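Thank you for making the time today.

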Amino acid sequence: MEEDYVFKIVVVGDSAVGKTQLLGRFTRDEFFLDSKSTIGIEFQTRTVDIARHRVKAQIWDTAGQERYRAVTSAYYRGALGAMLVYDVTSRRTFDHATRWVAELRAHADKSIVVMLVGNKADLARDAGRRAVDADEAAAFAEEQGLFFSEASALSGDNVERAFLTLLREIHAIVS
Ligand code: GDP
C-alpha cells in the first residue's frame, strides 16, 4: 500500500554510542554483534500506522562520518526528526550532545523534532557503570526543547517507543 507520508529522520551522536544498532533494532528488530555490517547503506525504512495514516520512516545513519566530523549538510537536508544518541556509560558522549544540538540548529530545519536518547541502558544496571544520570539528561532535554528517553538497542527496551514518539510528534506537526 502507498504511504501517506515519508518522514526523513537523521541519527546523530558520537561514534560508538549505538546509532547503527538502534536503527537496526527499530527497522528490522535485529541487533548485530558485528556492528558495522550496515556501513555504506545510507538509510533504512519502516512503515508504521499513525492516526490512520501510513507513515514511512526513512532513517539515515551517518555510516561513520561523525568520526571525521564530516557529517555534511546534505545529511540534514529535509530531515523532520532527529535521534540524538549518547551512551549512558560515557560522560563524554553526553557532554558532546551540546555540540550535536548546535550542529542540528545550524544545518537542519528550524522545526526539526529531536529525541535525545541515552543508549546502552542495559549496561547501567550494573552499579558503577552509569556515567550520566537520567534526571540530568531529562533536565538538559527540557532546557533545549528535546524529547528524552533512555533505551537499549541490545535488549530492545524503549527503542520502539522512542522512535514512535518522534514519528507521532512529527505527524502532529505536518498533518
Ligand atoms: P555507532 O558508531 O554509534 O553507530 O555505534 P554502533 O551501533 O556501531 O555500536 C557501537 C558498539 O556499541 C557496538 O559494539 C555495539 O554492539 C554496542 N552497542 C550498541 N548499542 C548497545 C546497547 O544498547 N547495549 C550494549 N551493551 N551495547 C550496545
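This is a predicted model: local features need pLDDT of at least 70, side-chain atom pairs count only at pLDDT 80 or more; totals for chains, interfaces and linings use all residues.

Let me begin with Gly 13, which has its place in strand S1, where strands are DSSP runs of E of at least two residues and helices are runs of H or I of at least four, both numbered from the N terminus. Residues are numbered from 1 along each chain as its sequence is written.

Is Gly 13 buried or exposed? Gly 13 is buried, because 26 other C-beta atoms lie within 10 Å; a residue counts as buried with 20 or more such atoms within 10 Å of its own C-beta, as exposed with 12 or fewer, and as partly exposed in between, with C-beta atoms placed from the backbone. Beyond residues up to four places away in sequence, Gly 13 touches Lys 19, Leu 84, Val 85, Tyr 86, Thr 93 and Trp 100, contact being C-beta atoms, placed from the backbone, within 7 Å.

Trp 100 brings us to helix H4, residues 97-107, where Ala 97, Trp 100, Val 101, Glu 103 and Leu 104 are buried. These residues are on the same side of H4, because they cover an arc of only 160° around the axis, taken from the directions from the helix axis to the C-beta atoms. On the other side of H4, Thr 98, Ala 102, Arg 105 and Ala 106 are exposed. Among the elements covering the buried residues of H4 are strand S1 and strand S4.

Technical notes
Two residues are in contact if their C-beta atoms, placed from the backbone, lie within 7 Å.
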